[in-house]
Amino acid sequence: MNEPKTSSGHEPTRDEMMSALFAHLVMQQSNMAMMLMGKTPNPETGQTMRDLEAAKLFVDMLEMLEAKTKGNLSPDEQKMLKQTLMAVRMAFVEAAGTPAPAAVAEKPATQPATAPTESLLEKPSAPAEESHKKFSKKY
């Protein structure tokens, strides 16, 4: 079996491979969180989506990873995880503080698009009490 070679031409050590896999895991979790916050488009569809509960799960997994690996990471790994967590947390706070974008993508393709003036004139169907609800925690 051919072993991958580093840019210097030598075969990577076990520690180098583990470090690369750790970085890949952190970036994968971060990218999923960003995609679910609507910050980056889905690579398969090219559309943005917004599911803050699912995004929070990925942020929580990164926090768990930080707690469980405390004291076992190299300084570079620790710095990368800390910076990634900070960026993802800030993006989550920003996403949670902004209203969800109009649900244009959720409409079936067979329905004709309404004119912008029509949507501005429509009255909300939800009572005033429910319209203030943005998020609710479920345990």
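Let's start with the buried residues of helix H2. Leu52, Ala55, Phe58, Val59, Leu62 and Leu65 are buried there. Where do they sit around the axis of H2? They cover an arc of only 135°, which puts them on the same side of the helix. Keep in mind that this is a predicted model.

Here is the background for that pattern. An α-helix has 3.6 residues a turn, so residues three or four places apart point the same way.

What covers these buried residues? The cover includes helix H1, residues 14-36, and helix H3, residues 75-97. The face turned away from the buried side carries Glu53, Ala67 and Lys68, which are exposed.

A quick check on the length of H2.

Next, the surface. Leu57, Met61 and Met64 form a nonpolar patch. Together they have about 260 Å² of accessible area. Take Met64, which lies in helix H2. Is Met64 buried, partly exposed or exposed? Its relative accessibility is 43%. Exposed needs over 50%, and buried needs under 20%. Met64 therefore counts as partly exposed.

Now to charges. Side chains of opposite charge can pair when their charged atoms come close. How many salt bridges does a search of the whole structure find? It finds 4. I'll go through some of them.

One joins Glu94 and Lys39, with the closest N and O atoms 2.6 Å apart. This pair links distant parts of the chain. Glu94 is in helix H3, Lys39 is in the loop between H1 and H2, and they are 55 residues apart. Lys39 is partly exposed, at 34% relative accessible area.

Another salt bridge brings together Arg89 and Glu63, at 3.0 Å from N to O. Arg89 lies in H3 and Glu63 in H2, so the pair ties together parts 26 residues apart in sequence. Both residues are partly exposed: Arg89 at 34%, Glu63 at 27%.

Arg89 also has a salt bridge with Glu66, the closest N and O atoms being 3.9 Å apart. Again, distant parts of the chain are linked: Glu66 in H2 and Arg89 in H3, 23 residues apart. Which residues end up in one network? Glu63, Glu66 and Arg89 do, joined by salt bridges that share partners. Glu66, at 31% relative accessibility, counts as partly exposed.

Technical notes: Residues numbered from 1 in each chain as written. Predicted model: local features only at pLDDT ≥ 70, side-chain atom pairs only at ≥ 80, totals over all residues. Heavy atoms only, no water. Buried < 20%, exposed > 50% of the residue type's maximum accessible area, 1.4 Å probe, protein only. Helix = DSSP H or I, 4+ residues; strand = E, 2+ residues; numbered from the N terminus. Arc of directions from axis to C-beta. Contact = heavy atoms within 4.5 Å. Patch = residues over 30% accessible without salt bridge, like charges linked within 9 Å, V, L, I, M, F, W, Y side chains within 5 Å. Areas by Shrake-Rupley, 256 points an atom, 1.4 Å probe, with all protein chains shown as cover. Salt bridge = Lys/Arg side-chain N within 4 Å of Asp/Glu carboxyl O.
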